[in-house]
Amino acid sequence: MMHDIKQLNQIASQVRRDIVRMVHACQSGHPGGSLGCADFLVALYFDKMKRNDGFDMKGKGEDVFYLSNGHISPVFYSVLAHTGYFDKSELATFRKLNSRLQGHPTTHEGLPGIRIASGSLGQGMSVAIGHAVGKKLDKDENLVFTLHGDGELQEGQNWEAIMYASHNRVDNLIATIDYNGQQIDGPTSKVLSLGNLKTKFEAFDWKVLEVENGNDMQEILNVLDEAKSLTGKGQPICILLKTGMGHGVDYMMGSHAWHGKAPNDEQLQTALNQLEETLGDY
């Protein structure tokens, strides 16, 4: 279903309210990266990704998405609920005992929309490439999208997979990097510098697109259109999406301190005052 920019921004605002409420309710979770990626996932699921009705693990005849940095599950769960994979009321069970909405997504509970257990970082790229190759073998012309943290690229398995994708011309894959420059212990530049990511991916023979403001809905829509137009041309595609950790909540923005910390009651109210309720709270 197509939405205009105003509608997409309204959805993103509601998703951000869901994120802070979910993490506050259980006093556990990862709000910073979730808030930063809300605009991207809303643009992808509500506008740019071809999705069939219902949910099938194999994803035949539709685009599929893999969340590799599974700790930002709050934003993923909220977007899945708002796109109808499960009822929004289930968001209230986030990280509760026996909930399907675990801190890191799992598959054993059969939650619609979840194709891999993720959160052990560095593995999503490999799985997504496998699915992309499978689509080619099945003559399925739809695409595979992924999302990764920039700190996650410090894991070596990624680079084996990145090398494999270009060598085997996996050109139905669009991998997006949440390029916020932050990880749990501080700035990525200080913990373990990634250097010039654009140059690195290009050296591995990927096509690289950059988005300076990864929280601007129009810029995100534009780059996804460009990325899709470049598929099928012999190269996997990487989007470097420069987002802001904690975007939308002023005291969280740009701070690694909110990578994995829940707001208290007063902080929650401050956040909610900054985030418009547009679709109704769960």
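A residue is taken as buried when its relative accessible area is under 20%. By this criterion, in the predicted model examined here, the buried residues of helix α9 are Met217, Ile220, Leu221, Val223, Leu224 and Ala227. Viewed along the axis of α9, these buried residues lie within an arc of 170°, and they therefore line one face of the helix. Helix α9 itself comprises 13 residues, 217-229.

Leucine 101 is located between α4 (73-82) and α5 (124-137), and it counts as buried because its relative accessibility is 0%. Beyond its neighbours within four places in sequence, leucine 101 is in contact with Tyr77, Phe86, Glu90, Leu91, Thr93, Phe94, Arg95 and Leu111. The C-alpha atoms of leucine 101 and serine 73 are 8.3 Å apart, with a separation of 28 residues in sequence.

The largest pocket has a volume of about 260 Å³. It is lined by 19 residues, of which His71, Leu121, Gln182, Gln183 and His259 are the closest to its centre. Classified by type, the lining of the largest pocket consists of 11 polar, four nonpolar and four charged residues.

Definitions and conventions:
Residues are numbered from 1 along each chain as its sequence is written. This is a predicted model: local features need pLDDT of at least 70, side-chain atom pairs count only at pLDDT 80 or more; totals for chains, interfaces and linings use all residues. Side-chain values use heavy atoms; hydrogens and water are left out. On a 1 Å grid over the protein atoms alone, a cavity is a set of points where a 1.4 Å probe fits but cannot get out, and a pocket is an open set with protein on both sides within 12 Å along at least five of seven lines; lining residues have an atom within 4 Å of a point. Grid points are joined across faces, edges and corners, and a volume is the space filled by probe spheres set on the points. Ala, Val, Leu, Ile, Met, Phe, Trp, Tyr, Cys and Pro count as nonpolar, Asp, Glu, Lys and Arg as charged, and the others, Gly among them, as polar. Helices (H or I, at least four residues) and strands (E, at least two) are DSSP runs, numbered from the N terminus. The expected span of a helix is 1.5 Å times one less than its number of residues. Buried means under 20% relative accessible area, exposed over 50%, partly exposed in between (1.4 Å probe, protein chains only). The arc is that of the directions from the helix axis to the C-beta atoms. Contact means heavy atoms within 4.5 Å.
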